[in-house]
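Reader: I want to learn how to read a ligand site and a few backbone features. Please walk me through them.

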Amino acid sequence: MLTFTAVGTYLYQLLVQKIELRDDDRLVDKVVLARTLLSDFPSLDALSKSPAPFKHAVHGSDGLTLRLIGPDGRLLLQAPARANAPPLAPLHNVVPITRTPVADDVHKQSWAPDELRVLNAEGMLGDTAGTPVQIAISRPRSRHSEFLRHYLLNLSCAVAFGATLVAVFGFLIVRRGMQPLHLVISQANNISTHRLNTRLSVERGPAELRELAAAFNAMLDRLEDGVQRLSGFAADLAHDMRTPVNTLMVETQVALSQPRSNEEYQAMAASNLEEYEHLAHMIENTLFLARVDNAQLAIARAMLDARAELRRVCNYFSGLAEEAGVTLEIREIASAAHLYADATLLRRALGNLLSNAITHTPPGGRITLAMQASLQGLQIDVTNTGEGIAAEHMPHIFERYYRADYARASSASTGLGLAIVRAIMQLHGGDVSVASVPGARTTFSLQFLALN
Ligand SMILES: Nc1ncnc2c1ncn2[C@@H]1O[C@H](COP(=O)(O)OP(=O)(O)OP(=O)(O)O)[C@@H](O)[C@H]1O
Ligand SMILES: [Mg+2]
């Protein structure tokens, strides 16, 4: 609407200007003609006797009024002789006889309620004295107003029609273009957690919509994957909780089936305590992972002395290692190394790796802690001798509740230790990897990014 109106206004103004310019030019032409005619008259008398040529000059050019004024200020002639002719005002901006008038010499003069376009110029009779005669030509401005009003009306109609046409076509085109969107909406309405495998299909739609559908489908892929993992996680959790709870239940049922001595009850309570500890361990680990998943875990990083940290966990586990009959050592590192990490989480990760290593190293074996600067930052390796991990388990051991050997896994094992190590490393922006030579050794490596 605005564009059409702007174009219409511009066209209208242009037309008004052009018409005015053309009319001014005509005034100039008439003055030049009047000068020529004047030069044919030998005297003022002759002029007042035969004014016909001047009447002819302005005949048919409607609205024009030509006046000739003598040297004494007397009106010699007015053509055409109309009653409603504009009054003769004192002459301004008179073009001297030495100069040919141009359109710029035309000026306006108010004549209520309208306005006049006026051109005044000097002329000269053809007598020997060269008697000066003033030529005054005027034209009311409103002469074209009827025509212009008509034009404006037509233009307004065209503008309104054009705008309506654009609005109608625009509406139809947009509605047609949006049609595939309704399809997308109805498809999206059908998606729920039970039906996450539905995918949007927009083959006929515009490219933008196809891109949207592709992005939406990619999002659904991620969601489906997440939901599947979540429900798997819940199923695994239930399954793993059931075993210790069942054991507790059976033990208690057996104990209650007949009267027992105090010692027997104590033995049962002690055995139950083990299961409770296992359950508590599992719940604590699961909660920790859930907090990491929900990004609720704030990590408090600080500059740590990596060597001191390694020594600390080593001391902590030395008793367990001794009990298991394995050697636990740190391969000495010459340079001091700094680590930007959360001390508690670092100890937890190293602790999980060391407790795994102690469990899986046969008596007489050896566990080595080592540290080296890597390309990205700092790498801590935990290596233990032993049977290693079979290739088929390698892709899964970092998964929650995954245990390589269910049959041999101790009752205290939850299968969450390595999942926690990986979560901790991801919180630090680093990663954990494993390399194993079956029958020889296993190495877990923690990669910390430099100053990150
Ligand atoms: N150093 C290792 N050598 C051989 N196998 C290992 C080693 N570390 C881990 N594994 C295998 O990876 C599996 C997963 O380890 P993870 O620490 O996640 O669970 P877990 O030790 O069984 O239980 P948790 O750590 O919760 O007590 C283990 O069950 C074990 O089979
Ligand atoms: Mg473990």
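Author: Ligand 1 is surrounded by 19 residues, each with a heavy atom within 4 Å of it. The closest are Asn356, Ala404, Ser413, Thr414 and Leu418. This is a predicted model, where local features need pLDDT of at least 70, side-chain atom pairs count only at pLDDT 80 or more, and totals for chains, interfaces and linings use all residues. Residues are numbered from 1 along each chain as its sequence is written, chains are lettered from A and ligands numbered from 1 in written order, and side-chain values use heavy atoms, without hydrogens and water.

Reader: Which backbone atom lies 2.8 Å from an oxygen atom of ligand 1?

Author: A polar contact here is a pair of N or O atoms within 3.5 Å. A polar backbone atom of Leu418 lies 2.8 Å from that oxygen. A backbone N or O atom of Ala404 is 3.1 Å from an oxygen atom of ligand 1. Asn384 places a polar side-chain atom 3.1 Å from a ligand nitrogen.

Reader: Which elements give two or more residues to the shell?

Author: Helices (H or I, at least four residues) and strands (E, at least two) are DSSP runs, numbered from the N terminus. The elements are α8 (343-360), α9 (417-427) and β12 (441-449).

Reader: What about the backbone?

Author: Most residues other than glycine have a negative phi, and most peptide bonds are trans. In this model, a cis peptide bond joins Ala79 and Pro80, with omega about -15 degrees. Pro80 lies in the loop between β2 (75-79) and β3 (107-111).

Reader: What is the phi of Asn93?

Author: Phi of Asn93 is near 45 degrees, a positive value in a non-glycine residue. Asn93 also lies in the loop between β2 and β3.

Notes
A polar contact is a pair of N or O atoms within 3.5 Å; within protein, one must be able to donate a hydrogen and the other to accept it, and residues adjacent in sequence count only if both atoms are side-chain atoms.
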